[in-house]
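Thank you all for coming. Please have a look at the sequence and the structure first, and then I will take you through a few places in them.

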Amino acid sequence: MKQGLLSALFIARKDLRTEFRTKEALNASVSFALVVLVLFSFAFDLGRDEFYDISGGLLWLVYVFAGALIVNRSFIREVPNDCLDVLIASPMPAWSLFLGKVIASFVLLMIVELVSLPVYGLLNNIHWVDSFWPHLGLMILATWGITITGVAFSAVTVNVRLRELMLPVLHYPMLIPLLIGAMQISTALLKGDGGDLSADLRLVVVFDAMFSALSLYLIEFILVG
Amino acid sequence: MRDKTIYTLGISGTLLLLYNLHTILMVLPDEAAQGTIGKMLLIHAPAAIAGMTLYFVAVAYSIMFLKTKNFAYDSAAVAVIEVAQVFTLINLVTGSIWGHIIWGIWWTWDARLTRQFMCFMLYLGYLLMRPALNEATQRATISAFVAIFAAADIPLVWLAIRVHDARTQHPGPVLETGTLDPAWRIPFLISWIAFMLIGSALAMVRVRQENARREIDSLRRELHAI
Amino acid sequence: MDLNQTYFFYGYSAAWLIVLGFILILIRRGQQINSELQRLKALVEDKDK
């Protein structure tokens with residue numbers, strides 16, 4: 001168990017290091033998020049109060065689109081030179097390989113989100129500073145849900161033809177309960193009206209717990225067979 | 001032998017449906033508040049329940065496949081899911097037509113509509129993904145994985161929309177609240193049974209095709225080797 | 001017939017039509033699969049000789 005966690009961290013470090021050397025996925029994802037933000041400002045010509053009502057929803061749409069670019073790369077980057085086969089043949093269990101990949105994607109997506117949140121606030125006149133800390137907590141929870149399901153599907157579709165098409169078709173519908181919860185909490189936090197968010201929060205946590213357990217358990221079948 | 005089973009199931013299901021149609025059209029009175037269209041319930045709700053039952057069966061088959069690696073379970077799972085999609089589609093279409101008259105709208109994002117729609121979309125992804133996988137073992141494993149994931153997601157979708165259930169269009173479920181008139185219970189049950197019979201027949205046909213497809217795959221590989 | 005009954009009729013027809021459509025799809029696909037299977041079997045036999 002402990003050994004498995006250590007190898008997961010090892011994989012995560014390896015992935016992050018290769019990513020930070022080229023910054024390919026990170027740059028693409030951040031600039032994509034910014035483009036979507038600009039498009040949103042043109043798509044909705046709303047008053048300030050009205051914009052607050054949909055602020056959480058838009059924010060999470062940006063995050064999910066940006067996240068797709070990152071989780072997409074997660075397993076595919078191991079395909080050239082047959083790296084994936086070597087990783088699977090290595091003595092580490094499949095779940096720690098998977099967990100490492102999830103941690104790496106999670107860190108990258110968190111970076112994208114933390115960069116785009118201030119830009120989002122700036123472009124749309126949204127006050128995000130006051131609610132930053134609770135919002136960060138929410139982002140950690142929901143981003144974990146996005147990455148763990150996304151990387152699981154990335155592992156699943158790694159050998160599929162048309163995988164760039166398949167991944168969103170499979171991944172986005174799956175995320176709907178998580179996003180409904182996260183969007184509601186975000187809107188409430190940005191608007192600054194408390195209200196009872198426990199049900200939404202529970203939804204996000206249950207989603208995380210359930211899919212973490214399921215994918216860590218089932219990934220063995222997918223990668224090793 | 002298999003042929004006979006398929007025909008028996010299909011024909012008995014169809015006969016039951018026709019008998020039920022007679023009851024619905026000739027015997028049952030119109031629904032008090034809604035008129036004739038209230039009888040849509042007797043096909044709309046059983047279709048939804050049949051679809052849900054079949055999704056559960058499919059997940060059971062998927063789990064069995066992962067456990068045993070027996071391809072029969074994979075064929076069964078995909079066949080059952082396809083038939084379940086048909087029933088979910090019937091549920092959505094009849095519901096939409098019913099809603100157009102009674103609610104005045106074709107569609108709304110009420111809890112049950114959204115859940116049915118999400119089920120349809122999730123398993124549509126499953127069916128779209130299968131042809132994109134060439135190798136039989138891989139296809140079966142990944143399909144089972146996706147089917148289990150989708151099934152785990154459905155209660156969460158349900159929960160998520162219930163949390164924000166400000167826009168409920170449906171009345172309370174007739175079976176939970178027990179307000180369904182006893183005279184309607186029998187046709188309701190018969191509809192469900194008939195759907196399950198027809199569904200099993202269709203699924204058996206589909207299983208056969210899936211097996212034939214795997215045979216084609218292995219023949220192609222054999223040819224390639226020669 | 002008023003609108004209520006017309007739409008009731010539409011609903012029931014839609015249900016039957018969807019099942020029929022699925023059966024037609026099954027039949028078409030079954031024919032395709034069978035002909036492909038026959039073709040491949042013939043090819044394999046040819047090669048064996």
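Predicted model: local features only at pLDDT ≥ 70, side-chain atom pairs only at ≥ 80, totals over all residues.

I begin with Lys23(A), which is found in the loop between helix H1 (2-22) and helix H2 (24-43) of chain A, where helices are DSSP runs of H or I with at least four residues, strands are runs of E with at least two, and both are numbered from the N terminus. Residues are numbered from 1 along each chain as its sequence is written, while chains are lettered from A and ligands numbered from 1 in the order in which they are written.

Most residues other than glycine have a negative phi. Lys23(A), however, has a phi near 55°, a positive value, and in chain B the phi of Lys69(B) is positive too, near 60°. Lys69(B) lies in the loop between H2 and H3 of chain B.

Lys23(A) counts as exposed because it has 12 C-beta neighbours inside 10 Å, whereas Lys69(B) is partly exposed, because 15 other C-beta atoms lie within 10 Å.

Now to the chains. Two residues are in contact if their C-beta atoms, placed from the backbone, lie within 7 Å.

Between B and C, 30 residues of chain B are in contact with 24 residues of chain C. On the chain B side, H7(B) gives the most, with 13 residues, and by class this side has 19 nonpolar, five polar and six charged residues. In this sorting, Ala, Val, Leu, Ile, Met, Phe, Trp, Tyr, Cys and Pro count as nonpolar, Asp, Glu, Lys and Arg as charged, and the others, Gly among them, as polar.

Towards chain A, 25 residues of chain B are in contact with 26 residues of chain A. Here H5(B) gives the most to the chain B side, with 15 residues, and that side divides into 19 nonpolar, five polar and one charged.

Ile142(B) is found in helix H5 of chain B, and it is buried, because 26 other C-beta atoms lie within 10 Å. Which residues does Ile142(B) contact, leaving aside its neighbours within four places in sequence? They are Val156(A), Ile222(A) and Leu133(B).

Finally, the largest nonpolar core has 136 residues, a core being a set of buried Ala, Val, Leu, Ile, Met, Phe, Trp, Tyr and Cys residues joined through C-beta atoms within 7 Å. H3(B) supplies the largest share of this core, 17 residues. Ala58(B) is among the residues with the most contacts inside the core, and, apart from neighbours within four places in sequence, Ala58(B) is in contact with Ala77(B), Val80(B), Ile81(B), Ala84(B) and Ala147(B).

As for confidence, the predictor gives the complex an ipTM of 0.86 and a pTM of 0.86.

Technical notes. Buried ≥ 20, exposed ≤ 12 C-beta atoms within 10 Å, placed from the backbone.
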